[in-house]
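Hi,

Here is the structure I promised to pass on. Have a look at it first, and then read on for what came out of the analysis.

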Amino acid sequence: MEPRVAYLWLIPALPLLAAGVGCVAPRNGRRLAAGAAIAAMLGALVLSCFALHLALADPSAHLVYNFRWFDLGNGAVRLGLLLDPLNGLMCVMVSLVGLLIFIFSLGYMDADENFTRFFCFLSLFAAAMLCVVVANSLLLLFIGWELVGLASYLLIGFWFHRPAAAAAAKKAFITTRIGDLGFLLGLVWLYDTTGSLLLYDGGNGVLESHVLGDLATQVLAGGLAASTAIGLLIFCGAVGKSGQFPLHVWLPDAMEGPTPVSALIHAATMVAAGVFLMARIFPLAAADQGLAAAPVHVLTVVAGIGAVTALMGAAIAVAQHDLKRILAFSTVSQLGYMMLALGVGSWVAAIFHLLTHAFFKALLFLGAGSVIHAAHHEQDIRNLGGLRSPMRATYATFSVGMMALTGVPFVFSGFWSKEAILHAASEWNVSHLPLYAGLAGVVLTAFYMTRLLCEVFWGAPRSPAAAHAHESPAVMTVPLVVLAVGAVALGFLGTPAWPWLQSQLTGEAVPAHSLLEGGGLMALSIVLVATGLGAGWALYGRRLRATAGADDPLAAAAPRLFAFLGARMKLDELYAATVGRLNTFAAALAVILDRWVWGGAVGFLARFGEFTGSVNRGVDEGGLNAGFDSISERIRGAGRAYSRAQTGETHGYLRALAVAFVVLALLALLGGGQ
Amino acid sequence: MNPDYAGLFLALKPETALVVGAVAVLGLDLSVFRRHAAAERLRLALWVASLAVLTAGVNVWLGPRGPAFGGVLMLDHLAVATRLGVLVLTLLTLGVARGAAVPHQPAEYVAVVLFAATGLMLMAAAQQLLLVFLSLELASLSLYVLAGFDRARPESAEAALKYFLFGGMASAFLLFGFSLIYGVTGSIELPRIAAQVSLQGADPLLMVALVMVLVAFGFKVAAAPFHLWAPDVYQGAPTPSAALIASASKLAGFTLFTRLLWPGFHAAVGNVAAPTFGPGWLPTVAVVSAASLLLGNLAALAQSSLRRLLAYSAIAHAGALLLGVMAAGRSGPAPLFYYASTYGLAAVGAFGVISAMERGGRCEYITDLAGLHRRSPLLAGCLAVFILSLAGIPPLAGFFGKFTVFAAALRLGGVAGPAGWLAILAIALSTVALYYYLIVLKQALIAAPAADARPIRVPRTTALTLVAAAGLIVWFGLDPAQLLGLF
Amino acid sequence: MSPLQLCVAFSSVLFAVGLTGALARSNSILVLLGIELMLNAANLNFIAFWRYSPAPSPATGVIFVIFAIAVAAAETAVGLALVISIYRHQRNIRLQEATRLKG
Amino acid sequence: MTAVLALIALATIGTAAAAMTRRSLLHSVLLLTGSWVGVAAFYLWAGAEFAAFAQVLIYVGAISMALLFAVLLTRRSREDFAPGPASRGRALYAILAGAALAGVLLAAIARGSLAVAPSPVPTVTVRQLGGQLMGPHAASLLVVGVLLTVALIGAVVLAAGTGPGKPGDAP
């Protein structure tokens, strides 16, 4: 046992301390709060690097430090810290990206009156996320997980004076809590079955082979293995946090928070937590793979959800006008890719993509933040334009991020990680549908990112705000440059020719292949990227939008394009046929699922089905919270009905007492028929 | 037989301390402090009372263990822990009263609080039906008086009358139930009743008697459908009284009835899982639990009054605590005690914040909390801890209360087993609960204060009380072994 | 029907009558007295069971009744005081008018 | 024996039921007195003389108090007893609830196994009762003392006039 692992607690503790400092700092103690937060992140980064170094010394080992927390009934609840290459890498990523975002925030939030509180919340968020990463106990992980949710609530609703922000914060918290409900249930079940929540515990942890063997062979009603049920329940938590279909709805709305928050949530931390969780418990999720008789495997479900999310997110992103919202749907789509990779069995590819995505998506969000900051909080892409020359640094770095996300071949990291996912999907022997969904997503991604770049940076400014924009200060551009370097360089850690990342993560030597092995698939995806880029350029780049009020170029495009892609009407139909129907289907599915799964137990819970269902519909309606509010209104209506029974009349109360007694007595008497 | 008066005195030393304290408060007030202003008299009375509570606490801690006075009292771990819990909650209530509006007869008010605590302490240890009935009545009568203490407000009188009539009827049911138990088993001592019940099995009259006991139980802990008094009383009663009713009274009630149901009627449990309910009291408790969970959580959503919201949330918590009662037979009372006592801390704290706010104006509706973080960061911070603990957000104590109780409930036979579906219901409804707790938090932490809102000055004693309650919640949350390890 | 069953039936009916009265009357004092009647019914049970207990334990039923009567007196005192305090505010003692608190 | 019991039962229940239906508060209270006397008679019949004595003493006291307050507090509001549709509905519900309760209880009694030994009437002397009270039930005696104190203080505080802290027209 490596004694130094016990010091892992310092990594989350440092930002937590900074959060405490920010909490007690006076409102004008801006330098104190920000300084503490940044210093703490820097410290966490240094410690993470040490930890990674330690982990890489023996990649196949899981270094743990477990301790007894308290006694519960006959057993004891134990917590623990874990170090292996997976969470070593995550620690470094979270603290590095977090640090850059903190620095960026110095500039972005400069004018905000609640500057100290913002850094307090940011630090709390980072601490919670790091706690998730270093946990060797699902219970500790869950505590961090909930704190991540709480901090995200505080951050998304940071600009509380905007009603949309407050609503979005509530929606994010509650939607993810619905997923967490499944997670918690899975935890309790797991504890009930195995008596432990430690991941690795010298052979007795829940991820170690003999416990997994027990779980997989314990068959419930319907031929379901216990590990399948538990795995699916835990996956619910990941679905909520990682914005997977059908709980993705909170993610686009979460854009109401300040942009650094969007970057933090959508790039490095909160959404990554779900993918990380699934990668962490991958042995548990894969435990039922050997059971041919099982009606469903966890990984199959994960792959399916991932594929649907990847395609749906990309399709919706095509039709958005809000700069951050396009990026948000893009995040949904990319997270779908990661889940897809997990589902087809390659958690390494998922983590690879998670790491590269963290960099280029943080880059894109911070770039967007730079644009929004410069354009006085204008974020409708129809009102921007022409920012290429005044904002050269932002434009250059944003382009790098865009190409990385699109998967422009060979140079950019996104290409390699996406290739790894597609490659894994092509080798999956259950179905090729995820592969096709992934390939279709590639085209759409290239298309909408081209559209975004053209609309924002090219052409002439289409509003006074855009016309007066100028470059952001260095405190904001320097993080962009650092991230851009990462977005390029990180790809080379996992190329087929030098699979360093893969071999470190799995702890086994992975043979190097020629770059061009499996060239057919690679060629296909390059063609698809080119198609997407070309289509985007043809529609948006060739003829730049002239005024903010002009129709979308898709509508005004030349007849040749009509022949190629179909008229705008046809695109709308396509949208309705894919996204629209998908969404309607999702709503219906959610209703049915919830009626049967939850509502089956107690009739009341069917309301939850409508709840998630119409939250889902809310996306399509475009109204930010129309659906959410109407359904929570309906639940409140039920509450009001109960509340009306409280008439204030004492006679009514006494009568209720008597009647309740009679009913309960009958229950006890007739139940006890002798 | 020569009665063991010395043993009785030793066992009842803490109660004696409280009664002596109450008499001292009254006597000093009538003689020495008669000429002082009301606020001053309240302060002195509170000091004397706190001293009495501390003395009682020391005596509980050092006092004897095991059965006392021929088994009339049972001073086991649960009883000692509950007595200490009641004393801590009473002390916090006294601290809350320091910051509340001065009652018109401060000494009498404080004395009745001490009498109520005496009754609650006895409830925790009583093991004989007669003593159970008397201690329950002592506590209830004191609480009725406390609820109606504010003569200036008609709401207070109305709340007390409703509380009294509802409680009176519940105790009539209880007495009738006890008479039937006495008739069927021929004894009023719990151990002998238990032996007799296991001999006889579930007799229909016994079942009826148990349901009657359940009525009184439901009344005491505000479980649906016997909760109807609770929202009105929480709203109408003076704030420290509401704090005591919501916390210490609930804790003692759960301890008393767990003792009554498990060791006393273990043989008549029944089975909640079987498709056709077997004879027994467990299914009825399950029904009451489910009703409380549903009704409490849903009705809380519709509230605009802060106190009523707390009342409905208390009903929902009672539902979850009933799960702990059901599980106590298998897992012991530790999860139940942990949940009930930490819930009590959060409830006292929330009412303490309300009472501190009332000094600076109104605190009737949830919207009156607006801008609390500007008006008093201390109150806002403490309130956040209390509300988050009630909502069950880790790492606060509220989360571990839920966790241990649900885990214990699930241990009754897994997710599909008895009480499993109740645990699932409770977990699902905690998502709903989050919604209304967030509404409170949003007002307190985020919303801007009203234009005419002034900063709130919190008296030092109250501030200390609230910080202590919040600190205990955090401490027990981080280190649950402190409480769970008592058993 | 054995005498004991008769006694218990008697007390049960008295209990129900007390309940009915408490539920039906609008005058708070009568509601209070209805509840007193219910307590009385319970006391009847104690005496009946003591009278017919197979092995007469030393007077437990009678003792219980004596204590219960004392409790009932205390309850009546507090109850009447509460009725007076509600009278002070609404100038009558009709229970159905005390509905400020509801919802 | 049983005939006497039936007679007592009928008289007690009859007066109680009548008391609950009379419109005049005065009549109700007088009839209730009859009912309580019936209960005391039952105690006598069962051989619990001391309980009967306590019953009469306490309840006669309670009744006189209730009567006093009833007259004091309601003399100005005769309309208290005017029956309206609301009160008729309430009465109907009350009777239904009462009947259901009685039904449940009687059914349980009929199905239950109440053990009856043909034992002679037990006797208990006041001296025995005193011994019991001071012996095994000493704890309860202490508690009931505290309880009566609380009731006294509470009644004084709640019922006292608006004067500052002076026990006024307390019972």
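Let me start with chain A and chain B: about 6200 Å² is buried between them, with carbon and sulfur atoms giving 78% of that area. Buried area here is the accessible area (1.4 Å probe) that two parts lose on being put together, summed over both.

Before the rest, some conventions: this is a predicted model, in which local features need pLDDT of at least 70 and side-chain atom pairs count only at pLDDT 80 or more, while totals for chains, interfaces and linings use all residues. Residues are numbered from 1 along each chain as its sequence is written, chains are lettered from A and ligands numbered from 1 in the order in which they are written, and side-chain values use heavy atoms, with hydrogens and water left out.

Back to chains A and B. The contact (heavy atoms within 4.5 Å) joins 54 residues of chain A to 74 residues of chain B. Between chain A and chain B there are zero salt bridges (a side-chain nitrogen of Lys or Arg within 4 Å of a carboxyl oxygen of Asp or Glu). One residue pair is in polar contact across this interface, both residues being at pLDDT 80 or more. A polar contact is a pair of N or O atoms within 3.5 Å; within protein, one must be able to donate a hydrogen and the other to accept it, and residues adjacent in sequence count only if both atoms are side-chain atoms.

One residue to look up is His227(B), in the loop between helix H9 (204–221) and helix H10 (229–236) of chain B. Helices (H or I, at least four residues) and strands (E, at least two) are DSSP runs, numbered from the N terminus. His227(B) is buried, with a relative accessible area of 5% (buried means under 20%, with a 1.4 Å probe and protein chains only). Leaving out residues up to four places away in sequence, His227(B) touches Gln646(A), Ala222(B), Leu295(B) and Ile315(B).

Now for chains C and D. Here 82 residues of chain D meet 70 residues of chain C, and the two chains bury about 6500 Å², 77% of it on carbon and sulfur atoms. Chain D and chain C share zero salt bridges, and five residue pairs are in polar contact, both residues at pLDDT 80 or more. Helices H1 (2–21) and H3 (49–74) of chain D are among those that each supply at least two residues of the side touching chain C. H3(D) gives the most to that side, with 13 residues.

Best wishes

Conventions. Buried means under 20% relative accessible area, exposed over 50%, partly exposed in between (1.4 Å probe, protein chains only).
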